[in-house]
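Have the sequence and the model open side by side.

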Amino acid sequence: MGQSGRSRHQKRARAQAHLRNLEAYAAQPHSFVFARGRVGRSVQQLSMDLRRVMEPLTATRLQIRKKNSLKDCVAVAGPLGVTHFLIVSKTETNVYFKLMRLPGGPTLTFRINKYTLVRDVVSSLRRHRMHEQQFAHPPLLVLNSFGPHGMHVKLMATMFQNLFPSINVHKVNLNTIKRCLLINYNPDTQELDFRHYSIKVVPVGASRGMKKLLQEKFPNMSRLQDISELLATGAGLSESEAEPDGEHNITELPQAVAGRGNMRAQQSAVRLTEIGPRMTLELIKIQEGVGEGNVLFHRLVHKTEEELQAILAAKEEKLRLKAQRQDQQAQNVRRKREQREAHKKKSLAGMKRVQAEADGDSDAEDPGAPPEAEGTSQQEEEEDEAEYFRQAVGEEPDEDMFPKAAKRRRPTGPPGKKQQLKERKPDRGSERRPQKAKGRGPGAQAKMGHRGAARNRGQGRPRPPKKAA
């Protein structure tokens, strides 16, 4: 088997590089962008456009169902390394945009005064420039006019900066910067302008014909006699293809950029093309936690220090009562558990006592005695029944009636007193036969079996009638 194309050191280096890339990717901020509630088709599309802006460090195919609450999203965001929530919602009067920092807040609530979707922005442009390679890297964030206008403005700037990974200007690769996100703050109206642009770098200092040759699409020179006509005069080109460049967008490139003519230490122009979406935001309030907590700033409601202290005291009292109820509930649960255990022990003790008193005479099924003891007891029962039959009838029972009792013969010897009375003949005036037990003939006794005989013995045996002397 031949050797692989890479050596052991190359494989190790590639594995280490892959591990470093994974660690760097996990250290970057990630986000969830979704809509909450009944928002309508336009606001739902706005959330999808915002998700497009946050690519690739966002969940592109995220699906939020109606039954999913904000707590469910927070529980899922922890293991996935999500650091921010961008939520769009709608009421009867306004559309709101919430920016949340996980896991402990704060939460910034903006009111969307105006918005324009991506499809509307692109359709208004004469030539738009948007392709999939632009969304392979996060956009470049540009903040404008976020000066010393208050702590809430500084907090807004910090939140927007933490949405995207930080950039080291000395090590950044210019080929990874394909988009730009501009957020402009207006201190007079206290509104923010949200704009999303595509970046294009083109060389300057060349004629229009040379720029046309440097493009991917080669110009049509069928009407020209020589290429010098295209380079010198720019014949056959329209005026719309020449974009105005000036000092506002011309810079010297510190490194080579992808594109024809963009060389290092050469003059190039940076052109921006808006690709949407477009929003005008107004900060309403800032909360301490994730969707709840103390209100740190509110644009429409202003409270005095006494009111804030009263609200804080009421909240502390509410927390105290909640803790008291939780303690009381824990005590009730503990007490009920102890009562159940005591009742269980008492019930088991009573069951054992009843079982001991019954001592096997209950109606429950008896497993029975061993075979040897059972045979002995059955033989004794048949002997007792045979003796009772002799006393009641005055005759010897047949051998088939009590087979086990017949095995044990009566001892031969002088007849006893009772036997002498049986052999003595009755007097003349007394020809009556001995009275039989009611319902107890030889056949009836055999039909009843052992259980019936035992039951009758328990009720009391009728004594045989005395014969007349």
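Is T109 buried or exposed? The model is a predicted one, in which local features need pLDDT of at least 70, side-chain atom pairs count only at pLDDT 80 or more, and totals for chains, interfaces and linings use all residues. Residues are numbered from 1 along each chain as its sequence is written, and side-chain values use heavy atoms, with hydrogens and water left out.

T109 has a relative accessible area of 5%, and it is therefore buried; the term means under 20% relative accessible area, with exposed meaning over 50% and partly exposed in between (1.4 Å probe, protein chains only). The residue lies in strand β4, residues 107–116. Helices (H or I, at least four residues) and strands (E, at least two) are DSSP runs, numbered from the N terminus. Leaving aside residues up to four places away in sequence, T109 touches Y96, F97, K98, E282, L283, I284 and K285, where contact means heavy atoms within 4.5 Å.

For L99, the contacts beyond four places in sequence include H84, F85, M159 and F160.

Helix α2 covers residues 40–53. Its 14 residues, at 1.5 Å a residue, should span 20 Å, the expected span being 1.5 Å times one less than the number of residues. The end C-alpha atoms are 20 Å apart, so the two values agree. Buried in α2 are V43, L46, S47, D49, L50, R51 and V53.

Taken as a whole, the chain has 12 helices and 11 strands. Of its 469 residues, 26% count as buried. Among contacts with a separation of 6 or more, 66% join residues 24 or more positions apart.

The average pLDDT (the predictor's confidence in each residue, from 0 to 100) is 80, and 71% of the residues score at least 70. Over residues 235–242 pLDDT stays under 50, and the model has 12 contacts beyond four places in sequence for them. Residues 442–449 also stay under 50, with 11 such contacts.
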